[in-house]
Amino acid sequence: MNDLSLLFACLLLLVVLGCNDSDDPVIENEEELITDLVYTLLPAAGGPPVTMTFRDPDGDGGQAPTILVSGPLANNTEYDGSIVLLNSSDPSATENITAEVREEADDHQFFYIPESSLDVTLAYTDSDNDGAPIGITTTLTTGDTSTGNLRILLRHEPNKSATGVSITDPAAAGGETDIEVTFAVTVSN
Amino acid sequence: MLKWLLCSFPLLLCTSGRAQTCDGRITGTVIDEHNDERLAFTTVYLQQEGRGVEAGIDGEFELTNICSGPVSIRFSHIGCDPETVEFDFRADTNLTVYLHHHDNYTETVTVTSTGANVAYEQSLDRQSDRQISEVLESITGISSLRTGTAAAKPVYDGLYGNRLSIQNNGIAQAGQQWGNDHAPEIDPWVAAYVRVVDGVDALRYGGSTLGPTVLIEPATLTPRTQQEGKVAYGFRSNGLGHTLNARVTDSAYVAYRLSGSLKLAGDQQAPDYYLTNTGRREGNAAMQLAKFINPRMTARLYYSLFSANVGVLRGSHIGNLSDLEEAIGRTVPYFTSSDFSYSLSSPRQTVVHHLLKGEIHYQASDNERLIFRYGGQIDDRKEYDVRRGSDERAALKLLQTTQFLEGNYRRTLAEKSTLEAGVQFESVANDNQPGTGVLPLIPNYNGRRGSAFATYHREPGALQYHLGLRYDRQYFEALTISRDLPRRIINYQHTFNALGGAAGASVQLGERLSTEIEFTYRERAPQINELYSQGLHQGVSGIEEGDSSLAIERSGKLNLGLHYGSADGRLTINGSVFAQRVADFINLEPQPELRLTIRGAFPVFKYRGVDAALYGAKINVLAQIGRLDVDSRLALLYGQNLTDDVALIYMPPTNWRTHLGYTLPSEVQLTLSSLFTARQGRITTEQDFLPPPPAYMLFDFRLSRDFALGGRALSLALEVENLFDTAYRDYLDRQRYYADAPGRSLNFRLAYSW
């Protein structure tokens with residue numbers, strides 16, 4: 001009986017002492033995180049670019065993201081568009097994620113979806129190994145003066161060849177949305 | 001002396017005297033299989049003649065004027081699974097009957113095997129190809145909260161997860177109980193008895209609960225344990241699943257039992273398409289040892305390993321809210337392959353769970369018993385997502401170690417009253433393993449819990465009553481990572497004190513009817529996910545945020561029950577109703593504003609304490625009409641968030657299960673089962689992405705036959721699940737947004753026991 005109590009006490013001590021690990025957790029290096037998207041539109045005929053920026057360096061939580069469009073687009077103008085994705089969660093070592101997306105081009109596709117009130121048309125100018133579009137580079141052609149939202153999507157593992165899939169229609173493509181940002185765009189003369 | 005092995009328990013039968021006609025005598029003793037104590041007041045019923053007697057306080061009984069010929073005697077006792085003994089009566093006989101009695105459990109919730117002809121353990125063995133939660137559904141009032149085919153966890157009286165603790169062989173099952181997509185890591189093949197206890201009976205168990213506790217136990221090794229074994233193979237056409245089970249029991253230097261299971265299944269199939277990536281691989285093993293050192297002391301050791309690799313429906317893995325909306329509208333889920341496959345790719349989960357239990361029973365005197373119990377668990381869980389980098393890199397890697405220690409004292413006082421008291425200590429360390437490249441949803445934490453309880457039972461006669469108290473002191477240390485930059489570690493500490501108490505009584509109203517009433521007050525400390533979850537929960541496509549200022553939940557529950565048992569034991573009716581009020585019920589609620597991230601907008605869910613009310617009713621009818629066995633169970637539940645005056649989410653809708661069993665003269669057993677699940681009509685459109693699915697009804701059909709081969713038995717079963725290949729979705733299935741539940745399956749099962 002006393003032996004048992006002693007055994008119990010020893011076990012209790014062992015359990016209490018054995019579990020005092022307060023080791024700090026490892027702060028993960030979130031190398032797959034995308035914090036910034038910059039869509040740069042350069043007028044094909046030359047001139048100052050228009051940039052659309054979405055920045056959220058601390059990721060999902062913390063501070064709210066900042067969304068910025070540098071200025072209006074000119075009407076009836078063709079622009080060469082290009083996308084840059086960054087991971088700037090560590091300010092001392094900003095990573096460029098665009099290259100990674102290009103490496104896995106087969107598994108990625110950008111979509112550009114203007115609101116119906118916004119008079120712009122978009123087209124892909126790049127393609128993956130199978131000849132299917134990626135959308136890192138595009139052309140954007142403006143029509144009449146108008147305003148509206150432009151939604152930019154990056155889909156991971158879409159079915160690029162599904163019927164109905166176009167630069168403005170990702171519905172049939174499926175896959176996971178890695179990026180979905182919206183910019184308020186103005187086309188003025 | 002002849003030795004009989006009947007049903008799942010050993011029976012010693014001695015004969016003496018000469019054969020007589022209708023003046024024979026059967027005497028005997030009823031003993032608790034667990035601890036060799038004599039069971040007082042067992043009802044002993046002679047089924048042929050429709051008469052019976054009650055055993056005395058010393059467990060002894062006597063039946064007189066027995067005619068020669070076949071005799072069938074049914075033994076039933078409160079807290080036991082009833083057993084029927086059948087033999088050919090030729091001479092005066094003395095029986096020793098061992099009943100599987102659960103220490104001092106009142107009959108708050110009792111599981112009775114489906115079909116009187118099937119021993120309890122055997123009915124669980126038949127379901128060894130399922131998940132443990134599906135096996136638990138045979139208990140009235142239990143439903144499963146599912147993540148498609150990947151995971152299922154039990155819901156009892158509207159409580160699950162942190163509010164329903166699960167005791168795996170007497171040790172609170174550790175693991176990631178917070179995750180609705182995490183199933184309890186228990187192999188049904190090892191389990192022999194499952195039940196739910198509530199009120200006073202539940203006070204002795206640890207784990208996070210708001211009252212009820214699920215008990216899952218293997219068959220006990222006793223000094224009478226003999227050599228036996230069983231192997232079984234099962235095949236399921238849906239998913240082309242193979243299950244192989246084996247079990248060997250013997251006594252050498254110690255009594256031991258070794259069990260093992262292997263499962264392999266591929267993609268399941270809904271009536272109209274494959275559920276791509278819903279395969280499963282599982283390998284489990286368990287070892288039970290018992291050493292009966294001397295009549296006073298028994299040492300027991302138990303080890304179990306559960307290891308599974310489970311695929312999650314590919315089409316359920318989506319990005320943001322707009323993806324979800326697109327996925328919902330589809331007739332066939334995204335990524336549905338037109339071919340069957342055994343392969344598993346992301347998203348998938350792997351889990352390895354070890355449980356080691358050591359126990360010493362010491363019978364200090366005739367009426368004092370001591371138990372020392374140790375339980376250690378390691379839970380290693382990894383979850384793999386579809387991700388831009390390598391899918392072979394887990395997005396979630398958790399390693400949890402749990403240690404549990406208990407000292408338990410029981411004293412039998414005069415006049416059938418018992419006092420039981422215990423102290424428990426539990427320590428948990430939960431660590432995210434580095435290398436995921438993702439900030440963890442659940443922070444690293446350490447927890448310690450010290451508990452003490454005492455219960456008192458008194459069974460003087462027609463009126464029985466019991467009461468108990470429990471106190472838990474829970475300490476948490478959470479090591480969180482800040483969400484703003486620069487990332488840093490912030491340490492939080494909490495101490496919660498939780499009280500519990502229950503009192504109840506049952507009254508025997510005449511010979512056939514008994515009623516019971518029980519009131520339970522329990523407090524539950526918030527758990528770490530409720531306090532500190534932070535981040536995107538893929539399964540629900542939402543951002544989940546804990547609240548470190550949550551208070552403990554306080555619950556009051558009143559349970560009323562009524563039991564009727566007909567004189568011949570052929571009709572049993574159990575009915576119960578409960579009302580539960582919970583203050584600071586920790587509720588996960590969608591926030592009005594969406595959170596904008598670079599991946600789009602996400603709903604935000606936060607934990608908040610609300611006032612809640614739960615009401616429910618359960619009815620269970622067991623009847624034997626000639627060769628027909630009827631088992632019908634109905635459960636109704638109503639859950640309301642009183643603070644906001646809306647329904648509580650994930651409350652099981654009304655469900656009604658019926659089994660009809662019929663034994664043909666050729667000893668072929670036919671079983672037809674039906675399940676009706678009503679629509680959960682109380683959820684509003686604001687509360688969910690999709691309105692709850694319509695009601696559905698499913699049928700299963702089964703043919704089985706046992707062949708006796710000397711002392712051995714071969715049993716064959718053919719079964720059709722979802723007989724009419726009904727396409728349906730269940731409200732409690734979190735993948736109902738994406739896909740139908742599995743369709744028809746033709747199953748075949750072969751078991752050989754010796």
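User: What should I know before reading the numbers?
Analyst: This is a predicted model, where local features need pLDDT of at least 70, side-chain atom pairs count only at pLDDT 80 or more, and totals for chains, interfaces and linings use all residues. Residues are numbered from 1 along each chain as its sequence is written, chains are lettered from A and ligands numbered from 1 in the order in which they are written, and side-chain values use heavy atoms, with hydrogens and water left out.

User: How many helices and strands does chain A have?
Analyst: Chain A has two helices and 11 strands; helices (H or I, at least four residues) and strands (E, at least two) are DSSP runs, numbered from the N terminus. Along the sequence the pattern is α-β-β-β-β-β-β-α-β-β-β-β-β.

User: And how much of chain A is buried?
Analyst: Of the 189 residues in chain A, 45% are buried. Buried means under 20% relative accessible area, exposed over 50%, and partly exposed in between (1.4 Å probe, protein chains only). The accessible surface of chain A is about 8800 Å², and 52% of that belongs to carbon and sulfur atoms; areas come from the Shrake-Rupley method with a 1.4 Å probe, and for residues only the protein chains shown count as cover.

User: Which residues have the most contacts inside the largest nonpolar core?
Analyst: Those are A:L37, A:Y39, A:L85, A:L150 and A:I152, in a core of 32 residues. A nonpolar core is a set of buried Ala, Val, Leu, Ile, Met, Phe, Trp, Tyr and Cys residues joined through side-chain atoms within 4.5 Å. β11(A) gives the most to this core, with five residues.

User: What does A:L37 touch?
Analyst: Leaving aside neighbours within four places in sequence, the contacts of A:L37 include A:F54, A:L85, A:I152, A:F183 and, from chain B, B:I598. Contact means heavy atoms within 4.5 Å.

User: Switching to the surface: which residues form the nonpolar patch?
Analyst: B:L660, B:L672, B:F701, B:L703, B:L718, B:F748 and B:L750 form it, with about 510 Å² of accessible area together. β42 (696-709) and β44 (745-753) of chain B are the elements that give two or more residues to the patch. Like charges are joined within 9 Å, and nonpolar side chains (Val, Leu, Ile, Met, Phe, Trp, Tyr) within 5 Å.

User: Why does B:L672 count as partly exposed?
Analyst: Because its relative accessible area is 34%. B:L672 is found in strand β41 (residues 668-677) of chain B.

User: Is B:S144 buried or exposed?
Analyst: B:S144 is buried, at 4% relative accessibility. Its side chain makes polar contacts with the side chains of B:S133, at 2.7 Å, and B:E137, at 2.6 Å. A polar contact is a pair of N or O atoms within 3.5 Å; within protein, one must be able to donate a hydrogen and the other to accept it, and residues adjacent in sequence count only if both atoms are side-chain atoms.

User: Where is B:D688?
Analyst: B:D688 lies in the loop between β41 and β42 of chain B, and counts as buried at 17% relative accessibility. A polar contact of 2.6 Å joins the side chains of B:D688 and B:R736.

Note on methods:
Patch = residues over 30% accessible without salt bridge, like charges linked within 9 Å, V, L, I, M, F, W, Y side chains within 5 Å. Salt bridge = Lys/Arg side-chain N within 4 Å of Asp/Glu carboxyl O.
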